[in-house]
Amino acid sequence: DKEMSAFATAKQEVVAIFNLVLGGGRKSLQYWDEVVVPEALRRYQVNASWVSRRKVNPRALYHAMEYHCGVRFRPSTQMRLFFHHGWSHPFREDDLSAFTATTTEALFPFLALIKKSWVDRLRLR
């Protein structure tokens, strides 16, 4: 069913981006160096040291991401070790709080475009 497929894809993409930003693996570090920091510098024109991963509060970032992405994880996930060296995947799909597939389009109106972009980026690595 098309709607459930889109829902499954949305869940995968949400978990993937949270793991990439808050994980502690090599890909997370590379993503911060190549995407997060340069984009923050471009958008906000701040000193590079301000957006250093070491200076970012991972719990605050986690809550900001939940809010701005319009998703919720189970409360227990906020106690995970974010940015922990070697723990590249602090999130799993079953950590997401339930939301209905009918909200997928409203929450992810550009899902197909985002998915293609991520697939392309991951192939380059």
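Guide: What follows sets values from this predicted model against the cut-offs behind the labels.

Visitor: How do you know that the length of α3 fits a helix?
Guide: Helix α3 runs over residues 58-69, which is 12 residues. At 1.5 Å a residue it should span 16 Å. Its end C-alpha atoms are 16 Å apart, so the two agree.

Visitor: What makes one face of α3 the buried one?
Guide: Pro58, Tyr62, Met65 and Glu66 of α3 are buried. Seen down the helix axis, the buried residues fall within an arc of 100 degrees, so they line one face. On the other side of α3, Tyr67 and His68 are exposed.

Visitor: Why is Asn57 said to cap α3?
Guide: A side-chain oxygen of Asn57 lies 2.9 Å from the backbone nitrogen of Arg59. A polar contact needs N or O atoms within 3.5 Å, so this pair passes. The cap sits at the N-terminal end of α3. After the helix comes Gly70, with a positive phi near 70 degrees.

Visitor: What makes the phi of Gln45 and Phe83 worth a remark?
Guide: Most residues other than glycine have a negative phi. Gln45 has a positive one, near 50 degrees. Phi of Phe83 is positive too, near 65 degrees.

Visitor: Is Gln45 called buried or exposed, and why?
Guide: Its relative accessible area is 71%. Exposed means over 50%, so Gln45 is exposed. Gln45 lies in the loop between α2 and α3.

Visitor: And Phe83, buried or exposed?
Guide: Phe83 has a relative accessible area of 18%. The cut-off for buried is under 20%, so Phe83 is buried. Phe83 lies in the loop between α3 and α4.

Visitor: How many aromatic pairs are there?
Guide: The count comes to nine. One of them joins Phe73 and Phe91, 4.7 Å centre to centre.

Visitor: Why is the pair of Phe73 and Phe91 called tilted?
Guide: The planes are 45 degrees apart. Stacked needs under 30 degrees and edge-to-face over 60, so this pair is tilted. Phe73 and Phe91 are 18 residues apart in the chain. Phe73 has 4% relative accessibility and counts as buried. Phe91, at 2%, is buried as well.

Visitor: What makes the pair of Phe82 and Phe91 stacked?
Guide: The angle between the planes is 20 degrees, under the limit of 30, so the pair is stacked. The centres lie 5.5 Å apart. Phe82 is buried, with a relative accessible area of 8%.

Visitor: Which residues do ring pairs link into a cluster?
Guide: The cluster holds Phe18, Tyr62, Phe73, Phe82 and Phe91.

How values were computed: Residues numbered from 1 in each chain as written. Predicted model: local features only at pLDDT ≥ 70, side-chain atom pairs only at ≥ 80, totals over all residues. Heavy atoms only, no water. Helix = DSSP H or I, 4+ residues; strand = E, 2+ residues; numbered from the N terminus. Expected span 1.5 Å × (residues − 1). Buried < 20%, exposed > 50% of the residue type's maximum accessible area, 1.4 Å probe, protein only. Arc of directions from axis to C-beta. Polar contact = N/O pair within 3.5 Å; in protein donor to acceptor, adjacent residues only side chain to side chain. Phe/Tyr/Trp six-rings, centres within 6.5 Å; stacked < 30°, edge-to-face > 60°.
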